[in-house]
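Biologist: I'd like to learn how to read a fold from its coordinates. Can we go through one together?

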Amino acid sequence: MRMTKYGHSCVRLERAGQVLVLDPGAYTEPAALTDADAVLITHEHPDHFDEAALRRAAAAHPGLRVWTNAAVAARLDGLGAGRVRVVGEGDAFDAAGFPVQVHGQWHARVHPRWDRIPNTGYLVDSLFHPGDALTVPDAPVHTLLLPVHAPWSKLAEVVDYTTAVGAHRAYATHDAGLTPIGLGAIHHALTDLTPATTYTHLTPGTTVDL
């Protein structure tokens, strides 16, 4: 399986001629959705879900299918019969040949005065994308897509979450708000405090083999 990192929280997975894209949002380069067969959306915030871009991709590729929670699915009304599937915690399905399990239900709390929204994490093979939550799946994770910076998190929580998941490697996501100085601080903390997990920050457009 090959993974290409795109802006912020989006990654593109490719295997055996099939393409699966996770969380193409407002900070994602348009190329991420080119010829995509399947898309997984964790939640409705625009940095993870760009409705207009997804509708354009669906129009260009009639075979594209979307899996997400009910809140996002409601925004995609009219995309076409059977093209949007609603999933929730505990579900398992096949998306363009990729086995997927769903873990987690809620977005991390940003502030007590703001209501929480649904957030759906996806375990694709042994790669886990938690979206905007610190969900620890009850299944082995080899590769963690780690949200390193958000209004709802702090560095200590990111470090402890990485330890709790126990993945062999972690790649930074949710990183659009960080300057090189901030990225350096995250790198130092994770390499020093989570030695069992190999942490890497990829610039958008970088591809790695998993």
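Biologist: Is W67 buried or exposed?

Modeller: Some ground rules, as this is a predicted model: local features need pLDDT of at least 70, side-chain atom pairs count only at pLDDT 80 or more, and totals for chains, interfaces and linings use all residues. Residues are numbered from 1 along each chain as its sequence is written, and side-chain values use heavy atoms, with hydrogens and water left out. Buried means under 20% relative accessible area, exposed over 50%, partly exposed in between (1.4 Å probe, protein chains only). W67 has 6% relative accessibility, so W67 counts as buried.

Biologist: How many aromatic pairs are there?

Modeller: Rings of Phe, Tyr and Trp (its six-membered ring) pair if their centres lie within 6.5 Å; planes under 30 degrees apart count as stacked, over 60 as edge-to-face and the rest as tilted. Searching the whole structure gives 1 aromatic pair. The ring centres of W67 and F93 are 5.4 Å apart with planes at 5°, so this pair is stacked. F93 is buried too, at 16% relative accessible area.

Biologist: Which strands hold W67 and F93?

Modeller: Strands (E, at least two residues) are DSSP runs, numbered from the N terminus. W67 sits in strand 5 (residues 65-68) and F93 in strand 7, so the pair ties together parts 26 residues apart in sequence.

Biologist: In what order do the strands of the open sheet run?

Modeller: Two strands pair if DSSP finds at least two bridges between them. Here 7 strands go 7-8-9-10-11-12-13, with mixed pairing. Strand 7 (92-95) and strand 13 (198-200) are at the edges, each with a single partner strand, so one side of each lacks a neighbour in the sheet.

Key
Helices (H or I, at least four residues) and strands (E, at least two) are DSSP runs, numbered from the N terminus.
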